[in-house]
Amino acid sequence: MPTLIFEKQAYQRNPEETVLDCLLRHGVSVPHSCRSGVCQSCLMRSIDSDPPAAAQHGLKDSLRQQRYFLACACAPEGDFTATLSGPVLIRFPARVISVEKLSRRIARVRLDPAGAFDYRAGQFINLARSDGLTRPYSLASLPYTEDFLELHVARHEQGRMSSWIHDELQPGDEIAVSTPIGECCYRPEQPKQPLLLVGTGCGLAPLYGVIRDALHHGHTGPIWLYHGSRDREGLYLVEELRGLARDHDNFNYVPCLDSPAAGDEDVTVQRAHEAALARHADMKGWRVFLCGHPEMVKQTKIKTYLAGAALADIHADPFQSAAP
Ligand SMILES: Cc1cc2nc3c(=O)[nH]c(=O)nc-3n(C[C@H](O)[C@H](O)[C@H](O)COP(=O)(O)OP(=O)(O)OC[C@H]3O[C@@H](n4cnc5c(N)ncnc54)[C@H](O)[C@@H]3O)c2cc1C
Ligand code: FES
């Protein structure tokens, strides 16, 4: 059985078991969330050997060169030595400015990070509570016009972090944030390119940043946003988005509900990705942004690719939750 040495302690690792699973099985508490190589909250560094390529997928070159890897995607062949310590793991303290309910299910959290915080609209950060519980949340704010970080957090019943944010987090509290991660961002090089954005629930958060970034850069191509939810509680910022659509001829906003109630006549009654694919059958030349429910993201990625969008032009952030 291979040996895993973590912070100078030895653990027996089952063959093919990941570093994260091995540590959790031995009762070692390490930061993690999605357990599927998306959120980067389980970032570690190898001490003595190169990690498997699959464990470095999605990491910046500078991190790869320093042998950083994702513990949830790392099943090395033999013995392996890993550590949590390293300069990139420094987390920044951030002060909570406000926690505001946008609906019963969605909270808007604004944070003031200590010191300069460079990011691009649409990236995500890992939020870490003082007991180590860590979860990724997308940035809805714009770095150059807003002097706060804005997150949209959906409450999940029994959700440890989301319930705590909704019920207990207060203005003035301090919380740790990671450096920004991800590539779900607007690229200003092609201002005429049509943009399709599909989000469910708080999948709107990064898209809200991307759209405002595109409009700020004077994007002239058509921009279509389809925001979907199972009910009205998950459709939020409706008036703000309708206002943006009124102010910008090239921005189209399509709020979608799976099952509308009385008073919901002003929305499309269809799943957001189905409404998008029905209207835009030919996606050749489009740039696509997909955020939110993992299955929606996966299916729509395949379908927009089959409809002609280039894989390099499809940006997907599945909001993978922590496995039980
Ligand atoms: C890249 C990325 C970006 C993300 N951005 C956002 C964001 O901007 N806003 C946001 O609200 N969330 C976002 N998430 C999801 C977020 O990180 C957490 O997974 C979510 O808040 C639930 O965490 P929790 O601790 O409250 O629930 P947990 O304690 O981890 O889970 C408790 C229970 O709730 C269930 N559960 C958790 N999440 C979901 C879900 N999405 N759907 C159905 N059941 C669920 C779990 O299966 C579990 O049974 C993002 C995830 C990723 C990977
Ligand atoms: S990338 Fe490993 S827990 Fe999310």
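**Figure 1. A buried threonine, T83, in the predicted model.** With a relative accessible area of 5%, T83 is buried, because anything under 20% falls in that class. The model shown here, and in every view that follows, is a predicted one. T83 belongs to strand β5, which spans residues 80-83. Look for the side chain of E7 in this view: it makes a polar contact of 2.9 Å with the side chain of T83.

Figure 2. Is E7 buried, partly exposed or exposed? Its relative accessibility is 37%, so E7 counts as partly exposed. The backbone deserves a look too: phi of E7 is positive, at about 45°, although E7 is not a glycine. Most residues other than glycine have a negative phi.

**Figure 3. Q158, an exposed loop residue with a positive phi.** Q158 is found in the loop between β10 and α3. Its phi is near 65°, a positive value in a residue other than glycine. At 76% relative accessibility, Q158 counts as exposed, because the class begins over 50%.

**Figure 4. Ligand 1 and the residues around it.** How many residues surround ligand 1? There are 21, and the closest are R135, P136, Y137, H152 and S162. By class, this shell holds eleven nonpolar, eight polar and two charged residues. The space that ligand 1 takes up is the largest pocket.

**Figure 5. Polar atoms facing ligand 1 at R135, H152 and A154.** From R135, a polar side-chain atom lies 2.8 Å from an oxygen atom of ligand 1. H152 uses its backbone instead: one of its N or O atoms is 2.8 Å from a nitrogen atom of the ligand. A154 also brings a backbone N or O atom, 2.9 Å from an oxygen atom of ligand 1. On its own, ligand 1 has 930 Å² of accessible area, and the protein covers 81% of that.

**Figure 6. Secondary-structure elements that build the shell around ligand 1.** Which elements each supply at least two residues of this shell? They are β9 (134-138), β10 (149-154) and α3 (160-167). The largest share, four residues, comes from β9.

How values were computed: Residues are numbered from 1 along each chain as its sequence is written. Chains are lettered from A and ligands numbered from 1 in the order in which they are written. This is a predicted model: local features need pLDDT of at least 70, side-chain atom pairs count only at pLDDT 80 or more; totals for chains, interfaces and linings use all residues. Side-chain values use heavy atoms; hydrogens and water are left out. A residue is near a molecule or strand if one of its heavy atoms lies within 4 Å of it. A polar contact is a pair of N or O atoms within 3.5 Å; within protein, one must be able to donate a hydrogen and the other to accept it, and residues adjacent in sequence count only if both atoms are side-chain atoms. Accessible areas come from the Shrake-Rupley method with a 1.4 Å probe; for residues, only the protein chains shown count as cover. On a 1 Å grid over the protein atoms alone, a cavity is a set of points where a 1.4 Å probe fits but cannot get out, and a pocket is an open set with protein on both sides within 12 Å along at least five of seven lines; lining residues have an atom within 4 Å of a point. A molecule sits in a cavity or pocket if more than half of its atoms lie within 2 Å of its grid points. Ala, Val, Leu, Ile, Met, Phe, Trp, Tyr, Cys and Pro count as nonpolar, Asp, Glu, Lys and Arg as charged, and the others, Gly among them, as polar. Buried means under 20% relative accessible area, exposed over 50%, partly exposed in between (1.4 Å probe, protein chains only).
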